[in-house]
Amino acid sequence: MAGTGLKDATAIVGIGQTAFAKRLAEDERTLACRAVLAALDDAGIAPGEVDALASYTMEETDEVELAKAVGFGDLTFFSKVGYGGGGSCATVAHLAAAIASGQATVGVAWRSRKRGSGARPWSNTAVQLPTPGQWTRPFGLLRPADEIAMLTRRYMHEYGATRDHLFNVALACRNRANQNPAAVMYERPLTREMYMTSRWISEPLCLFDNCLETDGALACVVVSRERARDCRRTPVYVHSAAQGLPAQHHGMVNYWNDDPLTGPAWTAARHLWKHADFTPEDVDVAQIYDAFTALIPLSLEGYGFCGRGEGGAFTEQGALEIGGRLPVNTGGGGLSEAYVHGFNLINEGVRQLRGSSTAQVPGAATCLVTAGEGVPTSALLLRS
């Protein structure tokens, strides 16, 4: 996904989203249409010009439904990426590859989800467990929270990470959400006392270590570098993109690896930086997938911002806040803005590089966006 032929060859020129809430009245298809139309309007591109689509295998609104409802032209490329939140950045990467190779000219990526008011994916007992689930659920790891809790406990044991480090992550995301009127947690501050006394979800992960459950939809528009110059908004270039699935990987728990804490981020990162003109030290702001707080220190290590086992300590002294070493999740992330399988991180990355974020990093010109760690993943390097 990250060949030199993709470097700055395409740009994100439009972003759109619906409101976020625990419960929205409209169905997922309607939410998807609203987000896509908002993104196209943001770009100044008519629906009939769209000829490429990309989304998630878990997306309930298919290409045929969306194309008819929104009024697309003939589609010459469409793809879906698996592994839930691990696919977020890959949707943009697939469109970038299609456009750079001449398969399409205007691409739309989207995710629409009613996770707040809908059923929990793991609650259906009427279906046979997938093979990976047969190695976890019979032994009490019923939810993603349980699987990541086990990895978190291992991380604490191996490297001395503490709940205060996880709180630093939760607090940075909540502080940014408190600046963002679109965030679910906009007017709901978080304190250390609230964090430390909240109920366990799966020890050592408490309530505030877990992402929100949200209804909502988001979309973005990708075009060639040449076309981007004529669009309504300042283009944000896709500088590098990567996917990562390590050898012998087992989703979330990573049982079969020599080091379960060396997750897919490490594989994606090697490919991502290999084809980039800058390094982790040059990244101004990062949007790091945060379904659980522990994923951020693990990702900080995987993407090269600190050494092995140093992710917890990296969060100290306000490092993740505006003005810190690496401001993260400046819209509030999945922990405090909305959880829509990480797509809001892509749109927030674009806002940062346009200079229009509600928690703007001064002079931000480079941004890392990551998808879900712990599952086959993807990542983007964006630049202005």
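In which loop does Asn254 lie? I found Asn254 in the loop between strand S8 (236-244) and helix H8 (264-274); helices (H or I, at least four residues) and strands (E, at least two) are DSSP runs, numbered from the N terminus.

A note on the source: this is a predicted model, where local features need pLDDT of at least 70, side-chain atom pairs count only at pLDDT 80 or more, and totals for chains, interfaces and linings use all residues. Residues are numbered from 1 along each chain as its sequence is written, and side-chain values use heavy atoms, with hydrogens and water left out.

**Backbone entries**

I checked phi next. Most residues other than glycine have a negative phi, and most peptide bonds are trans. Asn254 has a positive phi of about 55° although it is not a glycine. Asn254 counts as buried because its relative accessibility is 2% (buried is under 20% relative accessible area, exposed over 50%, partly exposed in between, with a 1.4 Å probe and protein chains only).

Asn329 also turned up, with a positive phi near 45° in a residue other than glycine. I placed Asn329 in the loop between helix H10 (311-314) and helix H11 (333-336), and Asn329 is buried at a relative accessible area of 0%.

Then I looked at the peptide bond between Glu203 and Pro204, which is cis, with omega about 15°. Pro204 belongs to the loop between strand S5 (200-202) and strand S6 (205-206).

**Cavity entries**

How many cavities of 30 Å³ or more does a search of the whole structure find? I noted three. A cavity here is a set of points, on a 1 Å grid over the protein atoms alone, where a 1.4 Å probe fits but cannot get out; lining residues have an atom within 4 Å of a point. Grid points are joined across faces, edges and corners, and a volume is the space filled by probe spheres set on the points.

The largest cavity has a volume of about 60 Å³. Asn254 came up again here, as one of its lining residues, which also include His249, Met252 and Glu373. I sorted the lining into seven nonpolar, four polar and one charged (Ala, Val, Leu, Ile, Met, Phe, Trp, Tyr, Cys and Pro count as nonpolar, Asp, Glu, Lys and Arg as charged, the others, Gly among them, as polar).

**Last entry**

Thr57 sits in the loop between strand S2 (52-56) and helix H2 (63-70). Thr57 is partly exposed, with a relative accessible area of 47%.

Key
1 Å grid on protein atoms, 1.4 Å probe; cavity = no way out; pocket = protein on both sides within 12 Å on 5 of 7 lines; lining within 4 Å.
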